[in-house]
Amino acid sequence: MLIGYARVSTVGQTLESQIEQLEKYGCGKIFKEKMSGAKSKNRPELNQALEFAREGDKIVVTKIDRLARSVRDLHNIANELEEKGVSLVFIKEQIDFSTPAGKFMFTMLGAISEFERGLIIERTSEGRERAKREGKHLGRPSQDAKAIKRALKMYAEREINKMSVNDISKMTGVPRSTIYAELKNIKDNQEDQSL
């Protein structure tokens, strides 16, 4: 069975052109979605299409970017379908993953993705080493000492001001984790001094 999947990113866009192409291709069932393609896990119609497909079926999409926004996402979806014995077809790119040429293209996309990821890791590592050599601070910027002091004072007075740690965090901009870490440091220092 040919199963179509059509997606647009926003409610204002129309699915008509995609549906027309999928019907012309011969899709007997079409799943339609109006939402961002950033993450496949957050697309209920795509998930239903993947569940609906059975061994021997083909999922047909007008263009690759209608199904996946990254090579990794495409790879994950294609692998999931391959395990079920379901093929994947992209009309515009003329790629059919059930053919030897389609499988070759898929393998090439995967290799490019791995190469790209390796380059990103390498560049990130080089940048981190350079920053260390130059004495630059890595990670989140440290919290303003005055804001932390104010947050701790508000925490000490929480019985009077009836404020929760969430409230204090929102008012001072100091994350709850920082407030708790500072309180732990104070407690640990007091215990050390009492010994």
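T62 touches Q18, Q21, L22, F90, I91, K92 and E93, with residues up to four places away in sequence not counted; contact here means heavy atoms within 4.5 Å. The model is predicted, so local features need pLDDT of at least 70 and side-chain atom pairs count only at pLDDT 80 or more, while totals for chains, interfaces and linings use all residues. Residues are numbered from 1 along each chain as its sequence is written, and side-chain values use heavy atoms, leaving out hydrogens and water.

T62 sits in the loop between β3 (58-61) and α3 (64-67). Helices (H or I, at least four residues) and strands (E, at least two) are DSSP runs, numbered from the N terminus. T62 is buried, at a relative accessible area of 3%. Buried stands for under 20% relative accessible area, exposed for over 50%, and partly exposed for values in between (1.4 Å probe, protein chains only).

The protein has 9 helices and 5 strands. Along the sequence, they follow the pattern β-α-β-α-β-α-α-β-β-α-α-α-α-α. Of the 195 residues, 32% are buried. The accessible surface is about 13,200 Å², and carbon and sulfur atoms contribute 52% of this area. Accessible areas come from the Shrake-Rupley method with a 1.4 Å probe; for residues, only the protein chains shown count as cover. Among contacts with a separation of 6 or more, 59% join residues 24 or more positions apart.

Two pairs illustrate separation along the chain. L2 belongs to strand β1. L2 counts as partly exposed, with 24% relative accessibility. Its contacts are Y25, G26, C27, G28, K29, K58 and V60, again without residues up to four places away in sequence. L2 and S87 are 85 residues apart in sequence, yet their C-alpha atoms are 9.5 Å apart in space. The second pair is D65 and F90. These two are 25 residues apart along the chain, and 9.7 Å separates their C-alpha atoms. D65 is placed in helix α3. Its relative accessible area is 26%, so D65 is partly exposed.

Helix α1 spans residues 16-25, and its buried residues are Q18, I19 and L22. They cover an arc of only 100° around the axis, which puts them on the same side of α1. The arc is that of the directions from the helix axis to the C-beta atoms. E16, E20 and K24 are exposed on the other side of α1. The buried residues of α1 pack against β1 (2-8), β2 (29-34), β3 and α3. Q18 and L22, two of these buried residues, are also among the contacts of T62. Just after α1, G26 has a positive phi of about 110°. G26 is also one of the residues touched by L2.

In α2, the buried residues are L46, A49 and L50. Viewed down the axis of α2, they fall within an arc of 100°, so they line one face of the helix. The buried residues of α2 pack against β1, β2, β3, α3 and α4.

The axes of α2 (residues 44-52) and α4 (residues 71-84) come within 10 Å and cross at roughly 25°. That makes α2 roughly parallel to α4. Axes are lines fitted to C-alpha atoms, for helices over the stretch in contact, and angles run from 0 to 180 degrees between N-to-C directions. Angles under 35 degrees count as roughly parallel, over 145 as roughly antiparallel, 65 to 115 as roughly perpendicular and the rest as oblique. L46, L50 and E51 of α2 make the contact with I77, E80, L81 and K84 of α4. By class, this contact has 4 nonpolar, no polar and 3 charged residues. Ala, Val, Leu, Ile, Met, Phe, Trp, Tyr, Cys and Pro count as nonpolar, Asp, Glu, Lys and Arg as charged, and the others, Gly among them, as polar.

Q94 lies in the loop between β4 (87-90) and β5 (95-96). Its phi is near 55°, a positive value in a residue other than glycine. Q94 is exposed, with a relative accessible area of 72%.

Helix α8 covers residues 165-172, with V165, I168, S169 and T172 buried. The arc of these residues around the axis is only 100°, which puts them on the same side of α8.
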